[in-house]
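Reader: I am new to this structure. Please show me how to read it.

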Amino acid sequence: MTRLQLLGLTVAAALFATASVHAEGDKAAGRKLIYTCNGCHGVPGYANAYPNYPVPRIAGQNQQYIISALHEYKAGERKHPTMMAQAQSLSDQDIQDIAAYLSSLAK
């Protein structure tokens, strides 16, 4: 194996390890952060007043879906005043933690 190939494999392994570390959230931290989420998403049969539609259940939701959705609300790509405000207050790590916790719950 040439030095260049070995260097490439080493760099790829380092990037993979780094991505894995950052991709994981802290479930315990996420559990503490979801207290405001439960106000709407934790009430069975709750319907949002504006616009009027049932609030989706997020417990057990796919982790990557939660991460993507919160980032989209934060960036204004998804439009819902309450969710946009909530997402604005979250750091990237908070989002990872919330997603890790919620995805670990049974549906």
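**Surface, then packing**

Author: The chain exposes about 7400 Å², and carbon and sulfur atoms supply 61% of that area. Accessible areas come from the Shrake-Rupley method with a 1.4 Å probe; for residues, only the protein chains shown count as cover. This is a predicted model: local features need pLDDT of at least 70, side-chain atom pairs count only at pLDDT 80 or more, and totals for chains, interfaces and linings use all residues. Residues are numbered from 1 along each chain as its sequence is written, and side-chain values use heavy atoms, leaving out hydrogens and water.

Reader: Which pattern does the chain follow along the sequence?

Author: Helices (H or I, at least four residues) and strands (E, at least two) are DSSP runs, numbered from the N terminus. Here the pattern reads α-α-α-β-β-α-α-α.

Reader: How do I read the packing of α4 and α6?

Author: Two packed helices are described by the angle between their axes and the distance between the axes. Axes are lines fitted to C-alpha atoms, for helices over the stretch in contact; angles run from 0 to 180 degrees between N-to-C directions. Helix α4 (residues 63–75) and helix α6 (residues 92–104) pack at about 145°, with axes 8 Å apart.

Reader: What is Ile98 in contact with, leaving aside its neighbours within four places in sequence?

Author: Contact means heavy atoms within 4.5 Å. Ile98 touches Gly30, Leu33, Ile34, Leu70 and Leu90.

Reader: What percentage of the chain's residues is buried?

Author: Buried means under 20% relative accessible area (1.4 Å probe, protein chains only). Buried residues make up 26% of the 107 residues.

How values were computed:
Buried means under 20% relative accessible area, exposed over 50%, partly exposed in between (1.4 Å probe, protein chains only).
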